[in-house]
Structures are given as C-alpha cells and as structure tokens.
Amino acid sequence: MRALTHIFFILFILLSTVCSAGQLFVGIVESDSFSKMQLSLDAFCEVADLPEFKSFFCDRLTSAAGLPEARGFELDKRVRLIQTVDPAEPLSAVNPAYIAVLPIRDGGDAIKKMLEESYRNRTYWRDDINIYETPIATNLCRQVAMIQSGRFISVSPSKNALLWLCENKKLLTAPPLDQSGTLRMLINPPRLAAVLNTRDDRRLIDSFKIVDIMQEFELCTGALEMEAQSLTLTVQGRPLTGSPMATLLRKLNPPDTKLLNPASENCFLESISRCDDSELWRRFAPNLQYSLLPALADLSANSGLSGERAQYVCASPDSTGLMFVQIETLRDTLSLNKLIKSLEQPNEQNGIRLKRESAGQDDGSVRYRIAMQAVEHNSNNNSSHLQALAALLLKNAYLEFRIVDKKLITVLGPKDAMKQVVAALDKPTGNAHLLHEINVRNASISNDLMCGTKIQCSGLIRYVASTIPHITKEQLDILPEPGYGVIFALGKSADNTQLYASIQISADELYALNHVVNDSRELIQKVLISMLMKSIEKENR
C-alpha cells in the first residue's frame, strides 16, 4: 500500500508540473467496475426512494465525458475520469474538461458506432484524434474528441485535453488508487480551489470556506462508498508544510466525551470537538455558527475558553419546544464572567436584545430573557429572514450561563432548563458516546477522532410537528419515521501529517426527508402557521 501511495505521489507531482496545450491536471476519479458501481447506486436509491438521483448521477458521468450513453465499453473493468483545466481560457462547458478512459474488448467498434450515430460529421485532428461534431440531439455535447490507444478508448468534449492525455499516456496503465471505495479520487487541491473560486454562485463554497481550506493542502485523496444503507464520502489530505492548516492539525486532539453526558438519546444535533488553538479553528470553521444569536460568537472568541466544546439540540424538559446546550472547558474564568454579565445590549443585525433577568441566581447562573426588536427590511441582505426565523425559534426563550468545575454551560431554551443539564453532567455513559457511535458506523475512519457531529433533520421535523396544539395521531402519522441522520467526523494520523474528514448520510434519512417534502406539505404549513400564531398570542397577552 505504501509503495502504491508513493508511486501515485510521484505521478501527482509530475502531472502538477507538466502542461500541454495549456492544460493542467486537476484530479482523477476511478471505479474498479462500472457495473458494480451501478448496483451499489441502485441499492442506495431503492432504500432512499430516490430514483431520480440515480438518473442524475449517471447522466452527469456520461455528459462530463462526452458520451451519449454509458455503453460500448467493458463494464466490469476499471474506468477513469480525469479532469484538466486551461488557466489561460475562460471557464466554459469544456474548461475544465473531463477525459473518460474506457477499457474495450471489441477494438472500440461499439463506441465508435455510437458516436457516428450521434454526430453528423467526423474529422481528424493531429492525424490520430477523431473529432465528432454537429450532434443529432440537443442534449449532446457540441463536440467530442476520441482516440484509441491499445485496449483503451479515451473520450472528451475537449480536443486539447485529449492531446494532453496523449502526452501523458502513463495515466492509461497507472496502478489503481489504493484507498477502498465505490469511487476513488486523487485531487490537486489548489487547482480545484482555483476552479471553484471562479464560480458565479459561491454561497455554499463561501459558507463552508471550501476554497480557503483546499488552498492549504498539497495533496488530497478521497473515496465515495455507496451501499444500501448509507452514502459516505471520506477525504484524506496532506497540508502544506508550515501552513496554518498544518498548525491546526497539530492542535487537534481527542475531546473529553463526558462533555456530552447530559445529551439525551433523542438529540436532533450533537457535536463535540477539541482544538487547542481556538483562533485557528474559527479561521476554517463554517460561517453558519451563531447566525441566529450572534452574542454567542463573542463568547466563542474569548481567550478564557480552551477550545474544547460539546453542543447539542434536544427537546425541552416539558416537551413543548427545543433546547440548545453548549458545554466548554475553561482556561480562565475571570474574563468570561465579566463578558457573560455584559451581554445586555441589542444586536443590530438580527434585532435581538438580551435583557438581564436579575443580578444573579441562587446557583450562580446568569440568565437573560430574549426580546425581539423590529429591524428595517433590507432586500439586499438576509437580516429580515434571520429575524423571522429568530422570532419563531427564540420567542419566550432564555439564555442562561453557569460555570461548574471549570466548565462553561450555556443553555438556550425554557426557563430553569439549566438545572437538568447540570444534574446530568456527571452521569455515567460507558462507551455509548457520539465518537464511538461514528467509529462503529463509519469504517473509513479508524483513527482517533478529534471532532464529530450528528444531525437528524427528520427527527426534528417530526418532534416539532408533535408540539402543535390539538394535533391528532393520524395527522402526525403522515410524517415518516425519522432516519438515522447525517454524521461528520474529523481525524488525523499519529504523526500529525494527514487530516481525515468524512461525511455520511443514511438512506433512511433521505427517505424520510423525501417523503416529508413530497407527502407532508400540508402538515408542514400547519406547523409553521401554528408556531407563528402561538408567538403572536403570547406577545399579545
């Protein structure tokens, strides 16, 4: 395995420095068997009840390579899809370009016939490259280039990309990538980041800082594992020497799983992590955190925090709403105490004001009542949308803080919910914690985990529906049973040189969400209207 990794690393360096006709190597995706990949995809889509996902997936693969259909090659042998980019040319349908390397056994006659039947004109370029133009259907590529080399046929919408492959023929017979998975990947992260950085719609890319993260790596490999019960993407990367990401890797350490002891078995979100450099963690963490209650963002930047925290969202103790809990270990309590007691000021972005309820509680807690203030509507930003969501989720809620045994506990929820959290902080849990659960379900990460998150949207929707006044069991049964959810994990190698990241979504979670969207719209509308009416009624009392 080490030898194969070494071979591919050398190949990666060579491809990163070689260019022809302006083409630069971006990445490779390969599968040991196209037919086995289809069987795995069939099984997953059947359990998730998403037949359209199978069509979308296969259509994307064939259209990227320029093939009219996925046929004419040996389905039980390894296939490769290579991506290149010409930095001197603008982005287009053929830049970045994909090249499909397909095994053949009939001299390529089936593929040649398929292309001849799909295009009206065929010419030759550079003597041995076939160019097919003038498609007979509008859903086909405007132009397709094809060349045969021994027992392989290579097809691409870009003739320049195909010429680049002709000058790098070692890719045709290179050994397979050594990671396991239905699909395997080798990526040049800075090149892929440059491609993503030019996209028009950057909301998802910017929110999760994808470009910033990828620019910190010199090499990335990945694997997509498809099976009946789940879909798992695992990426392994080597940060650039001396980069902030390399420093972050050394600062990641296994968290104390006891921080999640108060979490119930039916949490809708659980997360635990430890990074001994909080500033570096915030540099690469998603921008989505604390959007509803920005006051918590000020706390997260305080130097008194150690960088080790657990968070969860669950049902409130009286089962009438939701409760958010955050538990963090502390280095220093003095600066935090001062900050906690000075949060009574409005946030102009979301119109949220924290009103100190009293000078202090008998147990040392500091409690704030959350009040909403009107914010001038601005169609150019999302402030009005955030305020509307905050009004639904935070109305009549309290934000409470308490320091217990060098731990800062933050609870956002109904009054006096803090007592339940503190009482459960030291309860025994054995091995049944989140990181152990992720390791059992996701065999692709066998290393010690530094960060783990689980989200169950289907369970959250069903619970919120159950809190609607006067809802009947028949109405609630419209919603499907919750699925397992989505899990995300970070780990690292023992020598602090490799970062592992994995995300897994269960098929039953997709099944539940799919049926919520398709079959339960009327009930969802009732949920939202009921939440709004409850909020208005309480405000008018």
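Student: What rules apply to the rest?

Tutor: This is a predicted model, in which local features need pLDDT of at least 70 and side-chain atom pairs count only at pLDDT 80 or more, while totals for chains, interfaces and linings use all residues. Residues are numbered from 1 along each chain as its sequence is written, and side-chain values use heavy atoms, with hydrogens and water left out.

Student: What makes up the secondary structure of the chain?

Tutor: The chain has 20 helices and 21 strands. Helices (H or I, at least four residues) and strands (E, at least two) are DSSP runs, numbered from the N terminus.

Student: Why is Phe34 called buried?

Tutor: Buried means under 20% relative accessible area, exposed means over 50%, and partly exposed lies in between (1.4 Å probe, protein chains only). Phe34 has 7% relative accessibility, so Phe34 counts as buried. Phe73, at 9%, counts as buried too. Of the 541 residues of the chain, 48% count as buried.

Student: Why is the pair of Phe34 and Phe73 called edge-to-face?

Tutor: Rings of Phe, Tyr and Trp (its six-membered ring) pair if their centres lie within 6.5 Å; planes under 30 degrees apart count as stacked, over 60 as edge-to-face and the rest as tilted. The centres of Phe34 and Phe73 are 5.5 Å apart and the planes are at 85°, so the pair is edge-to-face. This pair links distant parts of the chain, 39 residues apart: Phe34 is in helix H2, and Phe73 is in the loop between helix H3 (51-65) and strand E2 (79-85).

Student: What makes Phe44 and Phe53 a pair of this kind?

Tutor: Their rings are 6.5 Å apart, centre to centre, with 65° between the planes, and the pair is edge-to-face. Phe44 is buried at 1% relative accessible area, whereas Phe53 is partly exposed at 26%. Phe44 and Phe53 form one aromatic cluster with Phe57. The structure holds seven aromatic pairs.

Student: How do you know that Lys454 lies over the face of Tyr484?

Tutor: A charge sits over a ring if NZ of Lys or CZ of Arg is within 6 Å of the ring centre and within 35 degrees of the ring normal. Lys454 lies over the face of Tyr484 at 4.1 Å from the ring centre. Arg126 lies over the face of Trp125, at 4.9 Å from the ring centre.

Student: What makes a set of residues a nonpolar core?

Tutor: The members are buried Ala, Val, Leu, Ile, Met, Phe, Trp, Tyr and Cys residues joined through side-chain atoms within 4.5 Å. The largest has 61 residues, among which Leu102 and Trp281 touch the most other members. Helix H2 (residues 34-48) gives the most to this core, with six residues. A second, separate core of 28 residues includes Ile327, Tyr484, Ile487 and Tyr500. In soluble globular proteins, nonpolar side chains tend to be buried together.

Student: Why is Glu270 called buried?

Tutor: Glu270 has 12% relative accessibility, so Glu270 counts as buried. Glu270 lies in strand E11 (residues 269-274). Beyond four places in sequence, Glu270 touches residues including Tyr312, Leu434 and Lys454.

Student: How is Thr410 classed, buried or exposed?

Tutor: Thr410 has a relative accessible area of 1%, so Thr410 is buried. Thr410 lies in strand E18 (residues 407-413), and among the residues Thr410 touches beyond four places in sequence are Leu296, Phe324 and Phe401.

Student: Why is Glu69 given another label, partly exposed?

Tutor: The relative accessible area of Glu69 is 41%, so Glu69 is partly exposed. Glu69 is in the loop between H3 and E2. Leaving aside neighbours within four places in sequence, Glu69 is in contact with Thr62 and Met114.

Note on methods:
Contact = heavy atoms within 4.5 Å.
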